[in-house]
Amino acid sequence: NLQALVDWEFACIADPRLDLARFCRRVRWAGDVVCKDRGSDRETEELWRSYAVARFGPGAAEAALGPPEPWLAFECAVVLATGAAVCKRAAMVQREEPGAAVPRCGLGEWVEDMETSRFHLRRMGIL
């Protein structure tokens, strides 16, 4: 029984459509911050549909997953929220607060990911 799309406490993705949206974005777009389109909406929809067919069977694709656009936007919003939390933790590290640490990759990579997400949200007309 799925109760949340994202488990913020453990930074886990609960809904595979978020991973699929990230995969679609990385397949179609090249670069960080300002991305270059190397595909089309049709190709993104085909990739989305082929996952749905593999997961749910022929004929269930559209109804099972819905359109990709809201999931692409939501994946960008998750990156922005997670990146903002990392930046807050980085500030805690700079203030030498006890127990503060920046997880996994470097701060520069998080900022790039946030800027890339902002690019996509602007491209979609959300920001």
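Is the crossing of α4 and α5 left-handed or right-handed? The crossing of α4 and α5 is left-handed; a crossing has this hand if the near helix is turned anticlockwise from the far one by less than a right angle, and is right-handed if clockwise. By contrast, α1 and α2 cross in a right-handed way.

This is a predicted model, in which local features need pLDDT of at least 70 and side-chain atom pairs count only at pLDDT 80 or more, while totals for chains, interfaces and linings use all residues. Residues are numbered from 1 along each chain as its sequence is written, and side-chain values use heavy atoms, with hydrogens and water left out.

**Helix pairs**

Helices are DSSP runs (H or I, at least four residues), numbered from the N terminus. Axes are lines fitted to C-alpha atoms over the stretch in contact, and angles run from 0 to 180 degrees between N-to-C directions.

| Pair | Axes come within | Crossing angle |
|---|---|---|
| α1 (residues 16-28) and α2 (residues 41-56) | 10 Å | roughly 145 degrees |
| α4 and α5 | 9 Å | roughly 150 degrees |

Contact means heavy atoms within 4.5 Å.

S117 lies in helix α5 and touches C76, V79 and L80, not counting residues up to four places away in sequence.

**The cavity**

The structure holds one cavity of 30 Å³ or more. A cavity is a set of points on a 1 Å grid over the protein atoms alone where a 1.4 Å probe fits but cannot get out, and lining residues have an atom within 4 Å of a point. The largest cavity has a volume of about 60 Å³, a volume being the space filled by probe spheres set on the points, which are joined across faces, edges and corners.

The lining consists of C24, R25, R28, W29, T44, L72, C76, H120, R123 and M124. Two or more of these residues come from each of α1, α4 (69-94) and α5 (107-123), and α1 gives the largest share, three residues. The lining divides into five nonpolar, two polar and three charged residues.

Technical notes. 1 Å grid on protein atoms, 1.4 Å probe; cavity = no way out; pocket = protein on both sides within 12 Å on 5 of 7 lines; lining within 4 Å. Nonpolar A, V, L, I, M, F, W, Y, C, P; charged D, E, K, R; others polar.
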